[in-house]
Amino acid sequence: MSFVELTAPKSTATPVLVEVPHSGLQVPHELESEIEATPTAVLRDSDIYVDKLYERAPEQGATLLVSRVSRYVVDLNRGPEEVDSAAVPRHPKARHIPARGVVWRARTDGTPLLRSPLTVEQFDRRIEHYYDPYHQALRDVAARLQREHGHVAILAAHSMPSAGRRTFGGRHVRRADVVPGTRGRSTADGRIIDLIDAHFREAGLSVQHDDPYRGGWTTGSYGAPKRRQHAVQIELNRALYVDERSSEIKKDEFAELQKVLDQLVSKLGQLMMNEAQLATG
C-alpha cells in the first residue's frame, strides 16, 4: 500500500510543486504495536487539514504531493540521519536530540509515543517503507519540473499552533497568521519571497518571516536558487481555519483561506512561467 499521493496539474502545468508532508493520519497496522497513540492525538499532532486547504492546487497548474502516513511514523521534514539516541539507542549515528528526530519518541505535549525504544532494524524499516518513497517522489517530480521549465518552486505546506513561547519557560504569545520560512531569504529568489509576503498581506493576514520556523530539512535541502531550485516553507496559523480545542473546521474561514491559497499558487505559477531570469538564479 502506498502512502504517497501525487496529483498532476489539471490545467496548464507550471513549475510549482506543493508538498504536504505532515497532514497524514494513517498508522500502518504493522507499527501499531510500537506506537502509543489515539486517533485524537494523531490528528492534533498533524498539520491538520493542510492537505484539504491545498487540494485545489492542481487546478492552478501545480503538482500536489501529499503523505498519508502520520508523522508518528516518520517525520518527513527531518533528515534521515536525525536519529534520536533515546528512540534508537543502538543506531550507529544516534545522538541526543532534545526535541524530536526523524522518528519521534514523544508527542508534542511531551507524553511518550514509542512503547519502547526501536531496534536498528525497526528504524530502518520505517525509513525504507515510509520515508524514502516520499522523498524519492519529491526528488523525481522536482527534477522533472526543472527539466521541463528550467526551474522549480517548492511550497512546503505546513500549519502551526496559534500560540507558542518565544523563550523557554516564557509566556505564550500569539503567532503571526503566516510564517514563510526561507532561512534568511536564502532558499528562494527574492521575487518569490516578496510575492508570497505581499499576497498574504493584501489578504489582510499578518506575516512574520522565519519566526518561529525558518524552514525545515526539506526547505534547506531543496532550496538552492543558484541551482534553479526554490523552496519556501509556509506555516499557517491553525486558528485561522480550525477550532484548536475540538479540531473541527471553521467552515467559512476555511473556505476563505482556501481561496487565498488558490490565488497564491496561481500567482506563483504565473511568476515562474513569465520570469525567465528566475531560471538562472
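Which residues is Asp177 in contact with, leaving aside its neighbours within four places in sequence? In this predicted model, they are Met160, Gly204, Leu205, Ser206, Glu235, Leu236, Asn237 and Leu240. Asp177 sits in the loop that joins strand E6 (172-174) to strand E7 (178-181), and its relative accessible area of 11% places it among buried residues.

**Packing of helices H4 and H6**

- Helix H4 (residues 190-202) and helix H6 (residues 251-274) have axes that come within 10 Å and cross at roughly 150 degrees.
- Because angles over 145 degrees count as roughly antiparallel, H4 is roughly antiparallel to H6.
- The crossing in which H4 passes H6 is right-handed.
- On the H4 side, the contact is made by Arg191, Ile192, Leu195, Ile196, His199, Phe200 and Glu202.
- On the H6 side, the contact is made by Val260, Leu261, Gln263, Leu264, Lys267, Leu268, Leu271 and Met272.
- Sorted by class, the contact of H4 with H6 has 10 nonpolar, two polar and three charged residues.

**Nonpolar cores**

- The largest nonpolar core has 40 residues, and those with the most contacts inside it are Val18, Tyr54, Leu155, Ile192, Phe200, Ile234 and Tyr241.
- At least two residues of this core are supplied by each of strand E2 (16-20), helix H2 (50-53), strand E3 (63-67), strand E4 (152-160), H4, strand E8 (229-237) and H6.
- H6 provides the largest share of this core, with nine residues.
- Two of the residues with the most contacts inside this core, Ile192 and Phe200, also take part in the contact of H4 with H6.
- Val18, leaving aside its neighbours within four places in sequence, is in contact with Tyr54, Ala57, Ala62, Thr63, Leu64, Leu65, Leu155, Ala157 and Val265.

**Ile35, a buried loop residue**

- Ile35 is located in the loop between E2 and helix H1 (39-44).
- With a relative accessible area of 4%, Ile35 is buried.
- Its contacts, apart from neighbours within four places in sequence, are Val27, Tyr72, Val73, Leu113, Arg115 and Arg126.
- Ile35 and Ala106 are 71 residues apart along the chain, and their C-alpha atoms are separated by 9.9 Å.

**Backbone features in loops**

- The loop between H4 and helix H5 (217-222) holds both Asp210 and Pro212.
- Asp210 is not a glycine, although its phi is positive, at about 60 degrees.
- The relative accessible area of Asp210 is 18%, so this residue counts as buried under the 20% cut-off.
- A cis peptide bond runs from Asp211 to Pro212, with omega near 10 degrees.
- Ser247, another residue other than glycine with a positive phi, has a value near 65 degrees.
- Ser247 is placed in the loop between strand E9 (242-243) and strand E10 (248-249).
- Ser247 is buried, with 7% relative accessibility.

Technical notes:
Residues are numbered from 1 along each chain as its sequence is written. This is a predicted model: local features need pLDDT of at least 70, side-chain atom pairs count only at pLDDT 80 or more; totals for chains, interfaces and linings use all residues. Side-chain values use heavy atoms; hydrogens and water are left out. Axes are lines fitted to C-alpha atoms, for helices over the stretch in contact, and angles run from 0 to 180 degrees between N-to-C directions. Helices (H or I, at least four residues) and strands (E, at least two) are DSSP runs, numbered from the N terminus. Angles under 35 degrees count as roughly parallel, over 145 as roughly antiparallel, 65 to 115 as roughly perpendicular and the rest as oblique. A crossing is left-handed if the near helix is turned anticlockwise from the far one by less than a right angle, and right-handed if clockwise. Contact means heavy atoms within 4.5 Å. Ala, Val, Leu, Ile, Met, Phe, Trp, Tyr, Cys and Pro count as nonpolar, Asp, Glu, Lys and Arg as charged, and the others, Gly among them, as polar. A nonpolar core is a set of buried Ala, Val, Leu, Ile, Met, Phe, Trp, Tyr and Cys residues joined through side-chain atoms within 4.5 Å. Buried means under 20% relative accessible area, exposed over 50%, partly exposed in between (1.4 Å probe, protein chains only).
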